[in-house]
Amino acid sequence: MPEKRPFDVLNSSLNNTVVIGLKGGVEFRGVMAAYDVHMNIVLDNAEQIVNGEVKRGMGTILLRGDSVIYISPS
Amino acid sequence: MPEKRPFDVLNSSLNNTVVIGLKGGVEFRGVMAAYDVHMNIVLDNAEQIVNGEVKRGMGTILLRGDSVIYISPS
Amino acid sequence: MPEKRPFDVLNSSLNNTVVIGLKGGVEFRGVMAAYDVHMNIVLDNAEQIVNGEVKRGMGTILLRGDSVIYISPS
Amino acid sequence: MPEKRPFDVLNSSLNNTVVIGLKGGVEFRGVMAAYDVHMNIVLDNAEQIVNGEVKRGMGTILLRGDSVIYISPS
Amino acid sequence: MPEKRPFDVLNSSLNNTVVIGLKGGVEFRGVMAAYDVHMNIVLDNAEQIVNGEVKRGMGTILLRGDSVIYISPS
Amino acid sequence: MPEKRPFDVLNSSLNNTVVIGLKGGVEFRGVMAAYDVHMNIVLDNAEQIVNGEVKRGMGTILLRGDSVIYISPS
Amino acid sequence: MPEKRPFDVLNSSLNNTVVIGLKGGVEFRGVMAAYDVHMNIVLDNAEQIVNGEVKRGMGTILLRGDSVIYISPS
């Protein structure tokens, strides 16, 4: 096992903006306010992104961990 | 682990209106009346939303947790 | 955890008519005769619904819990 | 929990004709010869049904439980 | 529980020809050489079937249990 | 249970060429260098196959077990 | 069990460039910075690849293990 762990990315992203891709091709961008070991994630000031453009503002949103495909600090 | 937890969003949403996205692209809006640790959720005065417009009223509806993709207080 | 629980909706729906949505977009309406902790559900006088219209009568039907997306008393 | 249980439908369907819907929209009709707690089911004299018409006879067939969506005595 | 069990079909199919349907609509026919409790199955002289016609011979093939939808002695 | 076991196919395929089908219709051919109980598999000299023709060489590739549908010695 | 294990590929890929295929056909290329037993993976300098061409740079990205289909050192 390497010394760096995947969850370090989640921890260092708290209070920072991330882009999250979900199953089915849905993508959200927002400020990560909370996460847990299941990768359930809360974003504040969240926006749904379609083809790189903002589709709609969602405010606070809870994303279910088992729908998450990728998380990227932006 | 951060101090705030994802389930705090569920707890603070009780008796408030939320939008819930399910697998397969179905979306419901209603007043959250109950939830459990599996993210099974009960909405009252629920409406099914398609492309941002109300498709039909559903009254009370129980949503199965493992179909939930996102939950957003509105 | 809230005092009301999602399974209360199942319990109070016994012997009443419900609409149940399954994965893949299939929907059934019928009288709930039985359920268990896995959300396996038995409907009597069940009808398969497509686009809001009755497609066919099914009599008694057992729905497997892990295919259920939503359950709504009607 | 109600007194009637979903598996009662399976038990009372033994040696009777049932219609079974599987994930992916496949449907079989046949005489239920066996089942287990995983809802693995054996049909004798099975027929694959497409749009309400018999597509082909399959003789005996074992259906894997986690592919089952619904089971209806016919 | 009935006296006959679904796995009896697997056991009695050893060294006999079976048709196996997998998720995604793929179908194989061959002589069952081995199986285990997960429904992992080995076919010898396997052929991939598309719309009832042989698409290609595969020789020996191991099918992963959780992809299996149905198994039918032929 | 039969005396031959499905994993025997994996063991006897070590250092031999296999064709592996994955969920979503992707297929790889290569020399099996390693596997584990989850059916995670490593191929060397791997090629991605589309409609029976080589699409691209991938060198060494690790295939995740729960994406595997079938494995066939070639 | 063979002496080489699938996770050896992950360990030897640390700090090297890999291509990772995800469910739904999404593909990323980047430098592997971290992984864990669930195959959660962190890539640095990640690029999303579509049809063999770079679609967009993503910087650091965390890929959820259960979405991974294949990992190939490049």
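Tutor: Start with one term: contact, or touching, means heavy atoms within 4.5 Å. This is a predicted model, where local features need pLDDT of at least 70 and side-chain atom pairs count only at pLDDT 80 or more, while totals for chains, interfaces and linings use all residues. Residues are numbered from 1 along each chain as its sequence is written, chains are lettered from A and ligands numbered from 1 in the order written, and side-chain values use heavy atoms, without hydrogens and water.

Student: Which residues does G:Ala33 touch?
Tutor: Leave out residues up to four places away in sequence. One partner belongs to chain A and the others to chain G. G:Ala33 touches A:Lys4, G:Leu14, G:Val42 and G:Asp44.

Student: Is G:Ala33 buried or exposed?
Tutor: G:Ala33 sits in strand S2 of chain G, residues 27–35. Helices (H or I, at least four residues) and strands (E, at least two) are DSSP runs, numbered from the N terminus. Buried means under 20% relative accessible area, exposed over 50%, partly exposed in between (1.4 Å probe, protein chains only). G:Ala33 has a relative accessible area of 8%, so it is buried.

Student: How far apart in space are G:Ala33 and G:Leu43?
Tutor: In sequence, 10 residues separate G:Ala33 and G:Leu43. In space, the C-alpha to C-alpha distance is 5.5 Å.

Student: Why do the buried residues of H1(E) lie on the same side?
Tutor: Helix H1 of chain E covers residues 6–13, and E:Pro6, E:Val9, E:Leu10 and E:Ser13 are buried there. They are on the same side of H1(E) because of the arc they cover around the axis (taken from the directions from the helix axis to the C-beta atoms). That arc is only 95°.

Student: Which residue just after H1(E) takes a positive phi?
Tutor: Go just past the end of H1(E). A phi of about 70° is found there, at E:Asn15.

Student: Which residues of chain C lose the most area to chain D?
Tutor: In this pair, 21 residues of chain C are in contact with 20 residues of chain D. The two chains bury about 1700 Å² between them, 64% of it on carbon and sulfur atoms. Buried area is the accessible area (1.4 Å probe) that two parts lose on being put together, summed over both. Together giving 36% of what the chain C side buries, the residues are C:Tyr35, C:Leu62 and C:Arg64.

Student: How far apart are the nearest C-alpha atoms of chain A and chain D?
Tutor: No contact joins chain B and chain D, with closest C-alpha atoms 14 Å apart. Chain A and chain D do not touch either. For chain A and chain D, the nearest C-alpha distance is 17 Å.
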